Amino acid sequence: MDRHSSTRRERRRLEMTGDIIATAREHLRSGGMNAISLRAIAREIGVTPAALYRYFADLNALIYALRNDILDELNTVIEAARDQDAKEGSTA
């Protein structure tokens, strides 16, 4: 039983972390680096600013996670383009 509740807790944690990063990403997109603030993100996702500290130690930790998220996405796009190019090259 503990195992099941732990899994549910972890899924909730991953979901909240994803929501925080997605919101930070939208703030970055709409207003640049200076638009990212823990207070604004907390307000938008409906939690207190203090609650965000359960997920990220500080704003720098959030920005680091945001950077990693963007780099992961970029890497996925580059790999897909490479694979598509290899596929098209092998059929020619």
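Which residues have the most contacts inside the largest nonpolar core?

1. Basis of the note. This is a predicted model, in which local features need pLDDT of at least 70 and side-chain atom pairs count only at pLDDT 80 or more, while totals for chains, interfaces and linings use all residues. Residues are numbered from 1 along each chain as its sequence is written, and side-chain values use heavy atoms, with hydrogens and water left out.

2. The core. The residues with the most contacts inside the largest nonpolar core, a set of 13 residues, are Ile20, Ile21, Ala24, Ile41, Leu52, Phe56 and Leu62. Such a core is a set of buried Ala, Val, Leu, Ile, Met, Phe, Trp, Tyr and Cys residues joined through side-chain atoms within 4.5 Å, where buried means under 20% relative accessible area, exposed over 50%, and partly exposed in between (1.4 Å probe, protein chains only). At least two of its residues come from each of helix 1 (2-31), helix 2 (38-45) and helix 4 (59-91), and helix 1 gives the most, with four residues; helices are DSSP runs (H or I, at least four residues) numbered from the N terminus.

3. Isoleucine 20 and leucine 52. Isoleucine 20, found in helix 1, is buried, with a relative accessible area of 0%. Leaving aside residues up to four places away in sequence, isoleucine 20 touches Ile41, Ile45, Leu52, Tyr55, Phe56 and Leu62, contact meaning heavy atoms within 4.5 Å. Isoleucine 20 and phenylalanine 56 are 36 residues apart in sequence, yet their C-alpha atoms lie 9.5 Å apart in space. With the same exclusion of residues up to four places away, leucine 52 touches Ile20, Leu38, Ile41, Ala42, Ile45 and Val47.

4. Helix 2 and histidine 27. In helix 2, the buried residues include Leu38, Ala40, Ile41 and Ala42, and just after this helix glycine 46 takes a positive phi of about 85 degrees. Histidine 27 lies in helix 1 and counts as buried at 11% relative accessibility. The histidine 27 side chain reaches the backbone oxygen of alanine 35 at 3.4 Å, and histidine 27 touches Gly32, Ala35, Ile36, Ala40, Ile41 and Glu44, not counting residues up to four places away in sequence.

5. Salt bridges. The structure holds five salt bridges, each defined as a side-chain nitrogen of Lys or Arg within 4 Å of a carboxyl oxygen of Asp or Glu. In one of them, the side chains of arginine 25 and glutamate 73 meet at 2.6 Å, N to O; because arginine 25 lies in helix 1 and glutamate 73 in helix 4, this pair ties together parts that are 48 residues apart in sequence. Arginine 25 counts as buried at 17% relative accessibility, whereas glutamate 73 counts as partly exposed at 41%. Glutamate 26 forms a salt bridge with arginine 29, with the closest N and O atoms 2.9 Å apart, and both residues lie in helix 1, three residues apart, about one turn of the helix. Arginine 82 forms a salt bridge with aspartate 83, the closest N and O atoms being 3.0 Å apart. Salt bridges that share partners also join Arg25, Asp69 and Glu73 into one network.

6. Leucine 74. Leucine 74 is found in helix 4 and is partly exposed, with a relative accessible area of 45%.

Technical notes: A polar contact is a pair of N or O atoms within 3.5 Å; within protein, one must be able to donate a hydrogen and the other to accept it, and residues adjacent in sequence count only if both atoms are side-chain atoms.
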